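I opened this model to look up its ring pairs, its charged pairs and its core. My notes follow in the order I made them.

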Amino acid sequence: MESRVRMALLYDFYGPLLTKRQQYFMELYFGEDLSLGEIAAEFNVSRQAVYDILNRAEAALQGYEERLKLVEGFFTEKERRAQLKQLVSILQRSGLTTEQDKITAEIMALLDAMGPEGD
């Protein structure tokens, strides 16, 4: 996964665990696509200071993922949900009894309620 995309994903999951300053710099750098120099000018600090704050924030986000594995779990769950939907679809096309058809429809409804497999 591309580094910027991965960092944005990690920020979505763990951003609230960062300091307010780290959050703001991450949003400006990754979300608003501002350069280190632009952020430094806005806060009247050096580019090195911005770089250091972003570096610490990125390290913290990666550390959270290493310990908590929420992003990894998200993708695993997303993949399993897609596989379950595919299996239920195969079952539904295989000539089920009325009762089995109701059960597979309920399973599909539950999978849909869990959210999309996504983008």
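**Aromatic rings.** I took rings of Phe, Tyr and Trp (its six-membered ring) as a pair if their centres lie within 6.5 Å; planes under 30 degrees apart count as stacked, over 60 as edge-to-face and the rest as tilted. The model is predicted, so I kept local features only at pLDDT of at least 70 and side-chain atom pairs only at pLDDT 80 or more, while totals for chains, interfaces and linings use all residues. Residues are numbered from 1 along each chain as its sequence is written, and side-chain values use heavy atoms, with hydrogens and water left out.

Which residues form one aromatic cluster? I found Phe13, Tyr14, Tyr64, Phe74 and Phe75 in it. My search of the whole structure gave seven aromatic pairs. One of them is Phe13 with Phe74, edge-to-face, at 5.7 Å centre to centre and 65 degrees between the planes. Phe13 lies in helix H1 (residues 3–14) and Phe74 in helix H5 (residues 70–92), so this pair ties together parts 61 residues apart in sequence. I used DSSP runs for the elements, numbered from the N terminus: helices are H or I with at least four residues, strands are E with at least two.

I then checked exposure. Buried means under 20% relative accessible area, exposed over 50%, and partly exposed in between, with a 1.4 Å probe and protein chains only. Phe13 counts as partly exposed at 30%. Phe74 also comes out partly exposed, at 35%.

I looked next at Tyr24 and Phe43. Their ring centres are 5.4 Å apart and their planes stand at 75 degrees, so I logged the pair as edge-to-face. Tyr24 is in helix H2 and Phe43 in helix H3, so the pair links distant parts of the chain, 19 residues apart. Tyr24 is partly exposed at 35%. Phe43 is partly exposed at 25%.

**Charged side chains.** My rule for a salt bridge was a side-chain nitrogen of Lys or Arg within 4 Å of a carboxyl oxygen of Asp or Glu. How many salt bridges did this rule give? The count came to three.

I noted Arg4 with Asp33, where the closest N and O atoms are 3.1 Å apart. Arg4 is in helix H1 and Asp33 in the loop between H2 and H3, 29 residues apart. Arg4 is partly exposed at 32%, whereas Asp33 is exposed at 55%. I also found the charged end of Arg4 over the ring of Tyr29, 5.1 Å from its centre. For that I required NZ of Lys or CZ of Arg within 6 Å of the ring centre and within 35 degrees of the ring normal.

Arg81 bridges to Glu77, with the closest N and O atoms 2.8 Å apart. Both lie in helix H5, four residues apart, about one turn of the helix. Is Arg81 buried or exposed? Arg81 is buried, at 6%. Glu77 is partly exposed, at 40%.

Lys85 meets Asp112 at 2.5 Å, N to O. This pair links Lys85 in helix H5 to Asp112 in helix H6 (residues 98–113), 27 residues apart. Lys85 is buried at 16%, and Asp112 is partly exposed at 45%.

**Core and helix H3.** I defined a nonpolar core as a set of buried Ala, Val, Leu, Ile, Met, Phe, Trp, Tyr and Cys residues joined through side-chain atoms within 4.5 Å. The largest has 19 residues, and Met26, Val50 and Leu61 have the most contacts inside it. H1, H2, H3 and H4 each give two or more residues to this core. I listed what Val50 touches, not counting residues up to four places away in sequence: Phe25, Leu36, Ile39, Ala40 and Val45. Contact means heavy atoms within 4.5 Å.

In helix H3 (residues 36–43), the buried residues are Leu36, Ile39 and Ala40. They fall within an arc of 100 degrees seen down the axis, so they line one face of the helix. I took that arc from the directions from the helix axis to the C-beta atoms. These buried residues pack against helix H2 (20–31) and helix H4 (47–68).

**Positive phi.** Most residues other than glycine have a negative phi. I wrote down Asp33, with a positive phi of about 60 degrees. Asn44 has a positive phi too, of about 55 degrees. Asn44 is in the loop between H3 and H4 and counts as exposed at 73%.
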